[in-house]
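Please look through the sequence and the model shown below, and keep both in view while reading the paragraphs that follow.

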Amino acid sequence: MTIITSRTKQNGTVRINQEQCTACGLCVKVCKDFSLVQTNGRIEINPTPVFGCYGCGQCMAICPTGAITVSGREISPEDLQALPPDSERASFGQLTNLYWGRRSIRDFKDQEIDDETLQKILDAAALSPMGLPPSDVHVAVFRNRETVREFSFDVMNLYQKSRWLFSLPWVWIWRIFGKETYEMMTGFVRPLVDCFSNSLKMRQNHLLYDAPLALYFMASPYSDPADPVIPATYAMLAAESLGLGTCMIGSVHPFIQHGAKKLKEKWNLLSKSPSGIIVIFGYPKYKFQKSLKRTFAQVFVHQ
Ligand SMILES: Cc1cc2nc3c(=O)[nH]c(=O)nc-3n(C[C@H](O)[C@H](O)[C@H](O)COP(=O)(O)O)c2cc1C
């Protein structure tokens, strides 16, 4: 069996160098596909795994002697990297300082983001966990202010065209989809559509705020729907550590998810994508003076 993604239809191939293997069994413990078994003091490939190796690479990353390699399925032994020294890992305090210092930024200096910084953000984001390896998240990069602006106006044009869907007789139809949908449509989506229509008239970009960079993370139909949000969050925090300001933009994907064929063709976006999120980046124009404490809706502790 193979877990198919948009990138691969093959299993990973696990090889064990029996001369190097000390049969410590760590690989067997971390492999949750049960691709490996320990029999008679040897590590062997299990002929009846759950799915077949899906290429997480954990067996080769944990092996103390380098006896295991995984290849195929977009993974190879070259992907192994030395661990950063403990002294260079961010402490809890450093990490939470980054969280405390973050605010959604929607006003940017007139300063572009260089290629090296963009690459650092993409590389850091690609390190995020994924529903199933290899990551099935596709990224559209909107480079420079003019490109971000052109894309924004294309999307706002679509909003403008669908304005009738939120006009009075139609808005009642949203009730069929439940009270919450109706409330969201009337309280949030309808004013949003009006706002974008006005923005369009005034040639102002209230969608992506004329940021100098936007990254659009999209899930393939094979991905976990949560997949794009995780690299987007990593990208956001990596950018914060590089002195950039960021903001997540959720108001594009649900709107263009079904349809918007021409726009997707023009911008090379996935024609089918069940979930997606945009992050905008730029050097902040204004400096916030304080941080803000936040809370969850509810935290239930079961014990
Ligand atoms: C999933 C998600 C979607 C968002 N979508 C938008 C958006 O479309 N437009 C926008 O201006 N801000 C958007 N935001 C930013 C939030 O509005 C912002 O996080 C909130 O106002 C709190 O501000 P803070 O990030 O400074 O704490 C989004 C944030 C998240 C997490």
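Asparagine 40 sits in the loop that joins β2 (36–39) to β3 (42–45), and in this predicted model its phi is near 50°, which is a positive value in a residue other than glycine. Asparagine 40 counts as exposed because 6 other C-beta atoms lie within 10 Å, and a residue is called exposed if that number is 12 or fewer.

A positive phi is also found at asparagine 144, where the angle is near 75° in a residue that is again not glycine. Asparagine 144 belongs to the loop between β5 and α5 (145–161), and with 14 C-beta neighbours inside 10 Å it counts as partly exposed.

In the loop between α4 (115–125) and β5 (137–143) lies proline 134, and the peptide bond that leads from proline 133 to proline 134 is cis, with omega near -10°.

The surroundings of the ligand come next. Around the ligand are Arg103, Ser104, Arg106, Cys247, Met248, Ile249, Gly250, Ser251 and Ile277, a shell that by class has four nonpolar, three polar and two charged residues. Strand β7 (residues 245–249) gives the most to this shell, with three residues.

Taken as a whole, the chain has ten helices and eight strands, and its C-alpha atoms fill a box of roughly 75 × 45 × 45 Å along the principal axes. Of its 303 residues, 28% count as buried. Among the contacts in the chain with a separation of 6 or more, 74% are between residues 24 or more positions apart.

How values were computed:
Residues are numbered from 1 along each chain as its sequence is written. This is a predicted model: local features need pLDDT of at least 70, side-chain atom pairs count only at pLDDT 80 or more; totals for chains, interfaces and linings use all residues. A residue is near a molecule or strand if its C-beta atom, placed from the backbone, lies within 6 Å of it. Helices (H or I, at least four residues) and strands (E, at least two) are DSSP runs, numbered from the N terminus. Ala, Val, Leu, Ile, Met, Phe, Trp, Tyr, Cys and Pro count as nonpolar, Asp, Glu, Lys and Arg as charged, and the others, Gly among them, as polar. A residue is buried if 20 or more other C-beta atoms lie within 10 Å of its own, exposed if 12 or fewer, and partly exposed in between; C-beta atoms are placed from the backbone. Two residues are in contact if their C-beta atoms, placed from the backbone, lie within 7 Å.
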